[in-house]
Amino acid sequence: MKGCRILAAMVLFVLIFSMTAAADSINTTVDVNEGIVLNGDIHLEVLDVGTNWGSYAKLKFYSYKDAGGKTESIYMGDVPTTYTSGTFMKIEVTLDSISYDTAFLMIESTTSLKISDRYGFEGEDETEKEKQKPITVPKLGITRTFDTNRAEQGQTIRTTLTIRNTGNGTATNIVLDEDTITGAYKDGCPSTIDDIAAGETKRISYDLRIVDAQPGTYELSPAILNYESESGATYSSESSSSILEILPEEVRIPELEISIDSVKGIITCGDEFPVTVTITNVGNATTGKVHVKSDLPADVRVVDGDLEPEYESIKPGDSEEYDVSLRAYEQGKHTIEMQVMWGDSEAAASFEFWAEKSGLEQYYLYILAAIPILLLLLWVIKRRREYSY
Amino acid sequence: MLNILILGLGQCGNRILDAINREAFGSGGTFAKYYSRQKFPASVKTIAINTAVNDLKELKNTLAKDRFHVPHLHGVGANRNIGKQVFEENKEMILEEIDKRGSFDLIFVITSTAGGSGSSFAPLLVGELKRTYNAPIICIAVLPFRAEGSIFLQNTAFCLRELVATKSSGILLVDNQYLKKYSGEDIKSAYDKINTTTARRILFLIEALNSEMLMVTDLGDLKTVMSGGIGVGTMGFYEASKGSTIKSTILGSFKPSGLLFPANVYKDGARAMLIIKGDKKYLDLDLVTKTVEELSKEVGQVFKGVLVKKGRPKVLSLFTLNAVPELEKLYTVAAEAIRFEMEKREKSKKQLDNAFAHIEDLEPIY
């Protein structure tokens, strides 16, 4: 009793001190079955204190315009518990510590706080108390993660739901309610989840197949868990919403380019000259069978090599190159046209060159014409010499 | 085929030889030699021989290899004595050059009787050829203009005498003086015309001798003709005009205007050869025979040959003479010229001796 008096004296001292202190934060002790009135508006009553998964105090809040108020257990170390009265006075209460029937509370507000009254009330009887003693509360938290937030049509996103029971009771009858975007289908995602014991973390993974979703950026609504405690109380928790970007489906097609290269400058008629044909797959898919067709001028002949080879396939980025030797017989401008065909597609290239006859060939008519003249001249010279003395 | 050698001696002989070579090219003109070959009617070899290299250089249609220079400065200066000496010094070389041409069936030696090299070489060479070759040698001797000078006249006189003395197969005379009056042109043109005329008649003769004829005359007949009379003769020629008969054509070749040397062939003719060439349609053989028979009565033996070729009839007549009055005139003129020359020289010598006599007893004083 003497202890109680000393404690009472201390409470009185603190109360007096608190009442006199004009601040937005107050520390106070409140006994079990004792209540305080803050600023003549908010009633804060301590219903119970104890230790279960940590020290806690069960508090009841109500006010003049919020007669129902709320009852909540706050734990040491938890974030402040907020209560807003019917007159919009807001307080935040943190449990600092407990003794066997006293809770040490820190109360904060944006307005000045004053304990305007302190009163006692009739507590629950032991029997009722005993009945409520085994109450346990599961508390599931759920987070949703994707292996990638960007996906193309046909791609599969690995989705992982991490569910953690931070309560003190086992969560049962857990039902997962999770929407998805149109055109995406979940594969292996359970609609119900096995019980999760307090402190247990469960991970559920499933594939989200993007089948025919329209490209764009989607905000997936939160995944909702509806569950019950062992006592049958129902609870609900949800994850945060997620952003998922569906990329346009990449078209994968082969694309061939053909190029023709040869010697620069003028080709001499009748001389062989090399031609290099290069076929490159600049697309992003492997071709099927590739055919090469050529269109040569009438007077151009293939001397060596195959000008129209076939290839079974050409991989993206790969090139096929081959050399042939050609020979042009007529003078003038020539155009070699090449076509490469694959599937239903084709590409073409052309190469122009100028052929000229060699000096001898070009002027052989003149030379031919000059020969008799030369012979005649030589003959004349010879005859002149024969007759020169 | 006859192998015939034609030698042109001295400037005159060289030029007639050159004309023969030119005519052998046919009607191709100046440039024929550059694109054509000579078409001799037989196998003809020609050599132009001269001591004057400039005369050889002037030839246009004779092959260089057929020009033979007898080395003696630039000619013998119309001095036959020097010419003879030069020939003697070089005759082996000359004969060797001739010998390179092979053997011959007939040899023509063409020379002027007036010049130096030709007139001095000809008699000596004919003599050498007679000894070397068993072939008839006919000399074509060209007589000079009478006004060319006393040396040429005396050369002609002595040369002709020596040629006759060689007893060659015959001498055919070509008289520049005579032909000049028919050419009626300047000296150079006259020379050219005379040379061409002479060349054509020689070639005509060669063609006839080497061809198969309708009526045959041959080399043997030629030898017989050339041995007639004094062995000296000449040639005549006539080409039928439109409307001419073969008789008038034959007789035309006897006219003085067609002869190379002035002669009265009807009066002085010893033997003759007639070569008639022309299209068969013009050749009335009976008339030819009859005409020849008539001529034979006046001229003596006349050999005839008829050669069928396209064109109007042409007749070459070749005579030897029993008398050559024109030569007598020439010798008279020549003798006068020699005497005049001798007198002039003696007079000059006397004048010189008189001039020297002025200093006979004197000595030069310095």
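This is a predicted model: local features need pLDDT of at least 70, side-chain atom pairs count only at pLDDT 80 or more; totals for chains, interfaces and linings use all residues.
Figure 1. A:Asn33 belongs to the loop of chain A that runs between strand β1 (23-31) and strand β2 (34-38). Its backbone has a positive phi, near 65°, in a residue other than glycine.

**Figure 2. A:Asn39 in the loop between β2 and β3 of chain A**. Although A:Asn39 is not a glycine, its phi is positive, at about 50°. With a relative accessible area of 30%, A:Asn39 is partly exposed.

**Figure 3. Chain A, with 4 helices and 29 strands**. The C-alpha atoms of chain A fill a box of roughly 170 × 45 × 35 Å along the principal axes. The radius of gyration of chain A is 48 Å, whereas a compact globule of 389 residues would have a value near 21 Å. Of the 389 residues in chain A, 35% are buried. When contacts between residues at least 6 apart in sequence are considered, 61% of those in chain A join residues at least 24 apart.

**Figure 4. Surface and charges of chain A.** Chain A exposes about 22,300 Å², and carbon and sulfur atoms supply 52% of that area. The chain carries 34 positive and 62 negative side chains. The centres of these two sets lie 5 Å apart.

**Figure 5. B:Leu327 within helix α13 of chain B**. Helix α13 comprises residues 325-357. Is B:Leu327 buried or exposed? At 12% relative accessibility, B:Leu327 counts as buried, because the term applies to residues under 20% relative accessible area. Leaving aside residues up to four places away in sequence, B:Leu327 touches B:Leu143, B:Leu160, B:Leu173 and B:Phe261. A separation of 34 Å lies between the C-alpha atoms of B:Leu327 and B:Ser211, which are 116 residues apart along the chain.

**Figure 6. The two domains of chain B, domain 1 (3-210) and domain 2 (228-321)**. The C-alpha centres of domain 1 of chain B and domain 2 of chain B are 25 Å apart. To the contact between them, domain 1 of chain B gives 19 residues and domain 2 of chain B gives 23 residues.

**Figure 7. Chain B, with 13 helices and 10 strands**. The radius of gyration of chain B is 22 Å, close to the 21 Å that the globule rule gives for 366 residues, so chain B is as compact as a globular protein of that length. Along the principal axes, the C-alpha trace of chain B spans about 95 × 45 × 40 Å. Buried residues account for 54% of the 366 residues of chain B. Among contacts in chain B with a separation of 6 or more, 80% involve residues 24 or more positions apart.

**Figure 8. Surface and charges of chain B.** Chain B has 49 positive and 41 negative charges. The mean positions of the positive and negative charges of chain B are 7 Å apart.

Terms used:
Residues are numbered from 1 along each chain as its sequence is written. Chains are lettered from A and ligands numbered from 1 in the order in which they are written. Side-chain values use heavy atoms; hydrogens and water are left out. Helices (H or I, at least four residues) and strands (E, at least two) are DSSP runs, numbered from the N terminus. The radius of gyration is taken over C-alpha atoms; the globule rule is 2.2 Å times the number of residues to the power 0.38. Buried means under 20% relative accessible area, exposed over 50%, partly exposed in between (1.4 Å probe, protein chains only). Contact means heavy atoms within 4.5 Å. Lys and Arg count as positive and Asp and Glu as negative; His and the chain ends are not counted. The place of a charge is taken as NZ of Lys, CZ of Arg, CG of Asp or CD of Glu. Domain bounds come from an automatic or database domain assignment. Accessible areas come from the Shrake-Rupley method with a 1.4 Å probe; for residues, only the protein chains shown count as cover.
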